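Thanks for coming, everyone. Let me put the model on the screen and walk through it.

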Amino acid sequence: MDNANIYSVSQLNHAAKMLLEGQLGQVWLTGEISNFSQPVSGHWYLTLKDENAQVRAAMFRMKNVRVSFRPQNGMQVLVRAAVSLYEPRGDYQIIIDAMHPAGEGLLQQRFEQLKMKLAVEGVFAQNLKKNLPHFCKTVGIVTSPTGAALQDILHILKRRDPSLKVIIYPTAVQGNEATAEIAQMIDLANARDEVDVLIVGRGGGSLEDLWCFNEERVARAIFNSHIPIISAVGHETDVTIADFVADVRAPTPSAAAELVSRNQDELWQQLSHKCQHLEMALDRYLSGKYQTLQQLNLRLQRQHPQMQLQAQSQKTAQLEQRLQNAMQRLMDKNRYKMTALSTRLANNPLPHQVQKQGQYVSQLQVRLDFALKNSLNKRQHQLANLCGKLDGLSPLKVLSRGYSIAENAQGKALTSVAQVQLNEKLTTRFADGIVISQVIEIN
């Protein structure tokens, strides 16, 4: 006898447990509950049987708290369990991880299988999901034309954004025909390409009621859509395959309507803020140009020769023209923006608010035009005064009043006889010309 092949009972049971868990692992099985018990520990112990066999089963408290019904003897259930063995007694058993009533449980099993299949294919990948448009002009709704979900969506869209165009793609959302109709309506919307976003959904219901949104055909239609799709199926706690595939999941149909609609009060507030920013920007722009003009004026006041004065005057005129052109372009640009915003807001059927805000914008425009023109006229007048003063201080003006300027051969102006030498040639500048002379005598 080979001692290497001799097992203890503990070793045998452990080896059998490892073999069962390694070979079978987790399985789905259906059967009838018998011998159900729940001791003070909170764990469930039961026997799962069919016509020909039975197996002991356990479901620990941390798992059974998720079960939405109370198991009863004689109830048919579908369970997901791990095959194992209780080593101290050598009892073969299963450890249940999830439990569903037989009918609902089969659907849940199909749900998990399809979810895993599509996940492996990458259908749920986040990097493939499309962004919703920032501003929707037309929204499509794939749902029942007689359902409460459609009325909820239309009510919210009318309240938040009456200008939003709505196209309904009617379909059944429950029953045998629903799967094919939903997929066909999604394909039709993509073929027509007449909406910016699609809402696909319905109101709440049981797992069977919502099952068409767990079908692979609907999932493929959503995935292949080039139009962004919002899934809005049932209540917030309802989760379907369509929710995983869609670009955005809304917890309810009403929430989907909130996502695609614009709030008019927010738009008015944005316009008001833009007007304020425009006024502040223009004030800063004018202040900066005024400071530049003052600096140029100070520089001109410190320079006397006529040629430099003329050059600076030309430069100042050019700067003034550039300032006027820049201000005109800025005014035209912002007037165009205000006109565009006013036109967009005028399309909304809110006459009183539109008229009120339109008048306010017009008043701002008039005030802005007046302020700009008044500021430019004021700066032009100041510049003319400064140029007149500078011209009055010009050396040529002094000469025209009968004075002259004597310069030596180096062109330096003479202010004292001490700067003059005998026989030196001098240049005397008059208003209408110059005289060159030679020093004969110094007194």
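In strand 13, isoleucine 436 is the bridge partner of threonine 427. That pair belongs to strand 12, residues 425–430, and strand 13, which run antiparallel over 6 bridges. Strands here are DSSP runs of E, at least two residues; helices are runs of H or I, at least four; both are numbered from the N terminus. Two strands pair if DSSP finds at least two bridges between them.

A word on the source. This is a predicted model, where local features need pLDDT of at least 70 and side-chain atom pairs count only at pLDDT 80 or more, while totals for chains, interfaces and linings use all residues. Residues are numbered from 1 along each chain as its sequence is written, and side-chain values use heavy atoms, with hydrogens and water left out.

Strand 2 (residues 44–49) and strand 3 (residues 54–59) run antiparallel, joined by 6 bridges. Threonine 47 has arginine 56 in strand 3 as its bridge partner.

Now the whole chain. It has 12 helices and 13 strands. Of its 443 residues, 35% count as buried. Buried means under 20% relative accessible area, exposed over 50%, partly exposed in between, with a 1.4 Å probe and protein chains only. The accessible surface comes to about 26900 Å², and 52% of that belongs to carbon and sulfur atoms. Areas come from the Shrake-Rupley method with a 1.4 Å probe; for residues, only the protein chains shown count as cover. Contact means heavy atoms within 4.5 Å. Among contacts between residues at least 6 apart in sequence, 63% join residues at least 24 apart.

On to strand 6. How many of the 6 residues of strand 6 are buried? The count is 6 of the 6, across residues 138–143, so strand 6 is largely enclosed by the rest of the structure. Thr138, Gly140 and Val142 are buried on one side; Val139, Ile141 and Thr143 are buried on the other. Strand 6 pairs with strand 7 in the parallel sense, over 6 bridges. There, threonine 143 stands opposite proline 170. Leucine 198 in strand 8 is the bridge partner of glycine 140.

Then the largest nonpolar core, with 35 residues. Such a core is a set of buried Ala, Val, Leu, Ile, Met, Phe, Trp, Tyr and Cys residues joined through side-chain atoms within 4.5 Å. Val142, Tyr169, Ile182, Ile186, Leu198, Phe213 and Ile222 touch the most other members. Helix 5 gives the most to this core, with 6 residues. Valine 142 touches, among others, Tyr169, Ile182, Met185 and Leu198, not counting residues up to four places away in sequence. Apart from this core lies another, of 17 residues, including Met59, Val79, Val83 and Ile96.

Methionine 185 sits in helix 5. At 16% relative accessibility, methionine 185 counts as buried. Glutamine 365 is in helix 11, residues 351–392. Glutamine 365 is buried too, with a relative accessible area of 12%. Beyond four places in sequence, glutamine 365 touches Arg335 and Met338.
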